[in-house]
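Trainee: I would like to go through this structure one point at a time. Please put it up and I will ask as we go.

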Amino acid sequence: MVDHNTTVTEDELHVYVDGELPADRREAVETWLSSHPDDAARVAAWRAQAEAIRARYGAVIHEPIPNRLALGKIMRNRRSWGTVAAAAAVAAFVIGGVAGWIARGASAAAPTTAELFTSDAIEAHKLYIGEVRHPIEVKAEEDHLLPWLSRRVGTTLRAPDLGAFDLKLLGGRLLPGVSGPAALFMYEGASGERFTIYCSRLNAARTAFRYDAQENFGAVHWIEGSYGWVISGPKDKDKLKAVASAAYDQLEKRIPSPSQGAAGQLISRRGS
Amino acid sequence: MGTFHQDIEVAIPALRRYARALTRDAETADDLVQDTLVRALRSEHLFHGGDVRSWLYTILTNLNRNRLRSLSRRPTVMPIEDNDAPDAAGPEAGGRDIERALALLVDEQRTALLLVVLEGLTYREVADVQGVPIGTVMSRLARARVQIKTYLDGERPALRRIK
């Protein structure tokens, strides 16, 4: 059984305060506290903090629920948002351009086009994942999404199916890019986490997968057949690489690459 | 089907409480709750059973993180913590102190602390919501408590904000 004289760790004190300590250990902690006034004071302070938090916010659950949070209303409203999206798209287009431009100014000494491209994509990601109602311009369900973006970007685009990662395509939008119009596809997971895929024409040397992280974001990017691709999401290198691999495998079947061998090489380099 | 919606409905008051403490602003909090509900309804087909309440907390937590990330790229919009003027005119000064103390915490620490002490989630549940091991939840809790204690004891620490 547990030795009642063993030292009580700080972790255990937290567990004790939060009521998760097994009964057989609780007594030992209480004995410890009676002979360790510093620890007893800390425990008291933590309890007082919890009390203060509950006193400050506890009453919110008794407030009447505002009309806009009524479930029935939300379900009805979901259908009418499409109309507002069109107006927002215009504003978003302008904002997107400005963000890209600022990103360009911020990158230090003469960044390459490929670097500008990647930073535009990450800026677009950051900007639009925070949008609640208008993260996209055209919804995934609308048939003209892919033909439209394909026409503007100048290649046959396809939005990869990322269902294997529980990511659902929300839709896409068109953005100004460093070397032409860019398409941004947005995906969302069950818990609201968002990934974006950014693509535009880019006349730069082919590259294998590269990973960049910025603050809380990560991005895997590559250039293939005069097009650049950037997949951005939460900063989780392994997950992003896995998503990028899946996307690449699907995209590569559609986008003509100059030589099959080069594409194969890209895959094997990525795998190593 | 019916129960899914009912489970969501039942959770709304607690979600509002959590969001209010997270954002310390009633409007922003209800925006977050609204967005959470919209997400939840839209993703119903992705919900593979389990605890609806934990799932809703997870969505709200992620949405709030998205929100903070979005804010953090516009530094001029940042000083959320300075507008303590008209807020609810709480008679108890202690309420405002704890509010300021919470505002100083790093988002992950605030989230962990609120889920445990306000929402009554277990460490295990918080670990799932935050997508981290239990040990990480515990160290977030510990750091949050040290920060708050330091603040309330008067030695105001250097402002630590999300970048």
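Trainee: Which residues have the most contacts inside the largest nonpolar core?

Mentor: Keep in mind that this is a predicted model. Its largest nonpolar core has 68 residues, and helix α1 of chain B, residues 2–23, gives the most to this core, with 10 residues. The residues with the most contacts inside the core are Ile53(A), Ile8(B), Leu37(B) and Leu113(B).

Trainee: How much area do chain A and chain B bury between them?

Mentor: In the interface, 50 residues of chain A are in contact with 56 residues of chain B. Of the buried area, 59% is on carbon and sulfur atoms. The total between the two chains is about 5,100 Å².

Trainee: Which three residues supply more than any other three of the area that chain A buries against chain B?

Mentor: The share from these three is 14% of the area that chain A buries against chain B. They are Arg56(A), Tyr57(A) and Leu71(A).

Trainee: How many salt bridges does the rule find across the interface of chain A and chain B?

Mentor: One salt bridge pairs Arg68(A) with Asp31(B), where the closest N and O atoms are 2.7 Å apart. There is also a network of salt bridges that links Glu63(A), Arg16(B), Arg20(B) and Asp30(B). Over all chains the count comes to 22; across the interface of chain A and chain B it is 8.

Trainee: And which element gives the largest share of the side of chain A that touches chain B?

Mentor: Polar contacts between the chains come to 18 residue pairs, both residues at pLDDT 80 or more. The elements that give two or more residues to this side of chain A include α1 (10–17), α3 (37–57) and α5 (81–106). By class, the side has 25 nonpolar, 7 polar and 18 charged residues. The largest share, 9 residues, comes from α3(A).

Trainee: Within chain A, how far apart in helix α3 are Arg42(A) and Asp39(A)?

Mentor: Their side chains meet in a salt bridge, 2.7 Å from N to O. Arg42(A) is partly exposed at 28% relative accessibility, whereas Asp39(A) is buried at 11%. Along helix α3 of chain A they are separated by about one helical turn, because they are 3 residues apart.

Trainee: Where is Asp166(A) found?

Mentor: Most residues other than glycine have a negative phi. Asp166(A) is not a glycine, yet its phi is positive, at about 60°. Asp166(A) is partly exposed, with a relative accessible area of 33%. It is found in the loop between α7 (145–153) and β2 of chain A.

Trainee: What is the phi of Ser226(A) near?

Mentor: Ser226(A) is found in the loop between β6 and β7 of chain A. Its relative accessible area is 32%, so Ser226(A) counts as partly exposed. Its phi is positive although the residue is other than glycine, and the value is near 65°.

Methods: Residues are numbered from 1 along each chain as its sequence is written. Chains are lettered from A and ligands numbered from 1 in the order in which they are written. This is a predicted model: local features need pLDDT of at least 70, side-chain atom pairs count only at pLDDT 80 or more; totals for chains, interfaces and linings use all residues. Side-chain values use heavy atoms; hydrogens and water are left out. A nonpolar core is a set of buried Ala, Val, Leu, Ile, Met, Phe, Trp, Tyr and Cys residues joined through side-chain atoms within 4.5 Å. Buried means under 20% relative accessible area, exposed over 50%, partly exposed in between (1.4 Å probe, protein chains only). Helices (H or I, at least four residues) and strands (E, at least two) are DSSP runs, numbered from the N terminus. Contact means heavy atoms within 4.5 Å. Buried area is the accessible area (1.4 Å probe) that two parts lose on being put together, summed over both. A salt bridge is a side-chain nitrogen of Lys or Arg within 4 Å of a carboxyl oxygen of Asp or Glu. A polar contact is a pair of N or O atoms within 3.5 Å; within protein, one must be able to donate a hydrogen and the other to accept it, and residues adjacent in sequence count only if both atoms are side-chain atoms. Ala, Val, Leu, Ile, Met, Phe, Trp, Tyr, Cys and Pro count as nonpolar, Asp, Glu, Lys and Arg as charged, and the others, Gly among them, as polar.
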